[in-house]
Amino acid sequence: MVSFNINHQPRLLAGLEAVGKCNVLADIGTDHGFVSVYAVAKGIAQRAIATDISKKSLDKAIVLTEEMGLTDKIECRVGDGLVPLKPNEADVIFIAGMGGDLILRILAGSPKICTAAQSIVMIPMQNTSKLRAGLWRLPLKITRESLVRENGRIYEVIKAIPHKDTPYTLAEELLGRKGAREQGPLFKEYVTLKLEKVNKLLSLVPDEAQSRKEELIQHKEIFEKALKEL
């Protein structure tokens, strides 16, 4: 018996909240299949396609799907990124548990798949600025950003749609674009933590690494300005 409970994973719940309702959810990098099973069981999605590059991980999802009696509504497929999908097969793509650079590579590698979806929900583990910097080129437009705390860490939940967008400024890459970004109670803490990290990095950068130092100073000024504007 596979233990199934994502109530202790607020980031996944926040991501599913961003999904809203859909016909077919593509759960990319599903691992245990928790997102697919929860989405179908709760009526968030009518059906789900759970994919993973690892057959061993996907086997866990298959077992959970069978135990929950959802094999008629959840299809499990082995494959890298969006490769197991066909255009127009899923109206929402859900990607969590990966770095922003990997998520971007996955989306860019299957442009027909991602631009045929109605929306894409992403929860990057790191490198979110790289993800923001590249999405508009696909073209995907970020329509919503929110923050959620899990196990003492703050995660970003990003929702995008196939649509033309304009390039991001450095400040927007680092903190998100106003209008899409939700400035809830976690935002101040989120920016403060980023500022503390930059200050720590600045203290460790040798004087001869001038370009890196200048980059970090830019980031520091952006975070300080954002905090003043709150």
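Me: Which elements each supply at least two residues of the lining of the second largest pocket?

Reply: This is a predicted model. The second largest pocket holds about 350 Å³ of space, and the closest residues to its centre include Gly29, Asp31 and Gly97. The elements that each supply at least two residues of its lining are helix 1, strand 1, helix 2, strand 2, strand 4 and helix 4 (100-109).

Me: Which element gives the largest share of that lining, that of the second largest pocket?

Reply: By class, the lining has eleven nonpolar, eight polar and five charged residues. Its largest share is three residues, and these come from strand 4.

Me: Which element gives the largest share of the lining of the largest pocket?

Reply: About 720 Å³ of space lies in the largest pocket. Its lining has 28 residues, with Gln126, Asn127, Glu156, Lys194 and Lys197 nearest the centre. By class, eleven are nonpolar, six polar and eleven charged. The largest share, eight residues, comes from helix 8.

Me: Which element gives the largest share of the largest nonpolar core?

Reply: That core has 29 residues, and Leu16, Val19, Leu25, Ile74, Phe94 and Val157 have the most contacts inside it. Elements giving two or more residues to the core include helix 1 (10-19), strand 1 (22-28) and strand 7 (153-162). The largest share is six residues, from helix 2.

Me: What does Val19 touch, not counting residues up to four places away in sequence?

Reply: Val19 is among the residues with the most contacts inside the largest nonpolar core. With residues up to four places away in sequence left out, Val19 touches Leu25, Ile44, Val92, Phe94, Val121 and Lys159.

Conventions. Residues numbered from 1 in each chain as written. Predicted model: local features only at pLDDT ≥ 70, side-chain atom pairs only at ≥ 80, totals over all residues. Heavy atoms only, no water. Core = buried A, V, L, I, M, F, W, Y, C linked by side-chain atoms within 4.5 Å. Buried < 20%, exposed > 50% of the residue type's maximum accessible area, 1.4 Å probe, protein only. Helix = DSSP H or I, 4+ residues; strand = E, 2+ residues; numbered from the N terminus. Contact = heavy atoms within 4.5 Å. 1 Å grid on protein atoms, 1.4 Å probe; cavity = no way out; pocket = protein on both sides within 12 Å on 5 of 7 lines; lining within 4 Å. Points joined across faces, edges and corners; volume = space filled by probe spheres on them. Nonpolar A, V, L, I, M, F, W, Y, C, P; charged D, E, K, R; others polar.
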